[in-house]
Amino acid sequence: MRRRIALALGGAAVLTASLASASLTPAAAQASPGLIAAMQRDLGLTAAQASARLTQEMTATRVLPGAQRAAGTAFGGAWFDPARGKLVVGVTDPGAAAAVRQAGAEPVAARTSAAKLDAAKTAIDASAKAEPAPAAVSGWRADPRAGSVVVTVRPGARGADVDAFLARAAKAGPVTVATAPTAEPFSAGTVGGDPYYINGNTRCSIGFSVQGGFVSAGHCGGAGSSVVGWDGSWMGTFAGSSFPGNDYSFIRIGGGWWTAPVVLGWGTVSDALVRGSWVAPVGTSVCRSGSTTHWHCGTVEGLNETVNYAQGAVYQMTRTNVCAEPGDSGGSFITGDQAQGVTSGGWGNCSSGGETWFQPVNEILQTFGVSLVTA
């Protein structure tokens, strides 16, 4: 246990050394140095492109709140556009464009306001709570770029139950139907490696250190479940857990364990320091750390998505094209040095690719009344 924490904190020394590199942008210099290499591998970028993108994404993340206020009721959603290298904001009223541009974002015409899309999705969520969605329905999300709520259905799976669900959804607002495999939670049975174990028979991954413990996925264990660490020593217990509906948990630690503001790089990259939890817009790069497949990167593809697992629907999730596999559940999603969320589930694997959803970390912190341990 002590050896592992020492290795994790060793990333801070490497990070300090990287600050002297004149080739890094300010945002890249603050991130784990290995993050640049991971983005090169998973996003097909050069080192210079990855460094520049980190700076652009950090700017977009901080511009977003002000740009949304500037758009007012005309706000049609926002996303990071790598081609433009900046935040793009949809506006339903051309008169709001100048204010959005003044706030530092690029305005584009939007057909439907974000408020209407969110209301439509909320109505579909309510309908699904009253009458569960068919198993063939993978999930649904408000997509500002499509100007509609996108409902995903398992390829080749249509029938009376799916058609009835889509008809109910269409009454809530504009709906587009797409195909996608059904997601599954990424927990796993006990295997070797560097995990944490729940009641001796389930393996999951630590999300982020918080005051008094760490946060992870809810499907990993229920309140009161006992946890041991990677070295087999008692670690603590689940102080709170929610799944389905949500997919998050708070594990209160003891037994001599302590918290550190790092995300493990598993030797693929240097351990990444955590400095906050600014929300990354759609289109932003994001990386994931987990105990099965370790470190992988991709992009944020959607916010506030409902994922329909076999165990029930989970709401307000973020969709990514980062791969994951069983045992990665609960692990960290991070953009630069900003915590994003904990791994929930998805489809595919890290050999052929796939999609993974995470539960946003800020909601978890608010729910359990805890704060991140930051560098």
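Guide: In this predicted model, 55% of the 375 residues of the protein count as buried. The protein has eight helices and 22 strands. Its accessible surface comes to about 14300 Å², and 55% of that area belongs to carbon and sulfur atoms. Among contacts with a separation of 6 or more, 62% are between residues 24 or more positions apart.

Visitor: What makes lysine 121 buried or exposed?

Guide: The relative accessible area of lysine 121 is 1%. Buried means under 20%, so lysine 121 is buried. Lysine 121 lies in helix 6 (residues 114-130). Leaving aside residues up to four places away in sequence, lysine 121 touches Trp140, Arg141, Ala142, Val149, Asn304, Glu305, Thr306 and Gln316.

Visitor: How many aromatic pairs are found in the whole structure? Why is the pair of tyrosine 196 and phenylalanine 214 called edge-to-face?

Guide: A search of the whole structure finds six aromatic pairs. For tyrosine 196 and phenylalanine 214, the ring centres are 5.2 Å apart and the planes stand at 70 degrees. Rings pair if their centres lie within 6.5 Å, and planes over 60 degrees apart count as edge-to-face. The pair of tyrosine 196 and phenylalanine 214 is therefore edge-to-face.

Visitor: Which parts of the chain does the pair link?

Guide: The pair links distant parts of the chain: tyrosine 196 belongs to strand 8 (residues 196-198) and phenylalanine 214 to strand 11 (residues 213-216), 18 residues apart. Tyrosine 196 has a relative accessible area of 0% and is therefore buried. Phenylalanine 214, at 3%, is buried.

Visitor: What is the form of the aromatic pair of phenylalanine 250 and phenylalanine 368?

Guide: Phenylalanine 250 and phenylalanine 368 are 6.0 Å centre to centre, with 40 degrees between the planes, and the pair is tilted. Planes under 30 degrees apart count as stacked, those over 60 as edge-to-face, and the rest as tilted. This pair, too, links distant parts of the chain: phenylalanine 250 is in strand 14 (residues 248-253) and phenylalanine 368 in helix 8 (residues 361-368), 118 residues apart. Tyr248, Phe250 and Phe368 form one aromatic cluster.

Visitor: Why does phenylalanine 368 count as partly exposed?

Guide: The relative accessibility of phenylalanine 368 is 22%. Partly exposed covers the range between the buried limit of 20% and the exposed limit of 50%, so phenylalanine 368 counts as partly exposed. Phenylalanine 250 has 4% relative accessibility and counts as buried.

Visitor: How do you know that the charged end of arginine 62 sits over the ring of tryptophan 278?

Guide: The charged end of arginine 62 is 4.8 Å from the centre of the tryptophan 278 ring, and sits over that ring. The term requires a distance within 6 Å and a position within 35 degrees of the ring normal. The charged end of lysine 129 likewise sits over the ring of tyrosine 315, 4.6 Å from its centre.

Visitor: What makes cysteine 204 and cysteine 220 a disulfide?

Guide: The S to S distance of cysteine 204 and cysteine 220 is 2.0 Å, and the cut-off for a disulfide is 2.5 Å. A search of the whole structure finds three disulfides. With -95 degrees about the S-S bond, the link of cysteine 204 and cysteine 220 is left-handed. Both cysteine 204 and cysteine 220 are buried.

Visitor: Why is the disulfide of cysteine 287 and cysteine 297 called right-handed?

Guide: The torsion about the S-S bond of cysteine 287 and cysteine 297 is about 95 degrees, so the disulfide is right-handed. Cysteine 287 lies in strand 17 (residues 285-290) and cysteine 297 in strand 18 (residues 294-309), so the pair ties together parts that are ten residues apart in sequence.

How values were computed. Residues are numbered from 1 along each chain as its sequence is written. This is a predicted model: local features need pLDDT of at least 70, side-chain atom pairs count only at pLDDT 80 or more; totals for chains, interfaces and linings use all residues. Side-chain values use heavy atoms; hydrogens and water are left out. Helices (H or I, at least four residues) and strands (E, at least two) are DSSP runs, numbered from the N terminus. Buried means under 20% relative accessible area, exposed over 50%, partly exposed in between (1.4 Å probe, protein chains only). Contact means heavy atoms within 4.5 Å. Accessible areas come from the Shrake-Rupley method with a 1.4 Å probe; for residues, only the protein chains shown count as cover.
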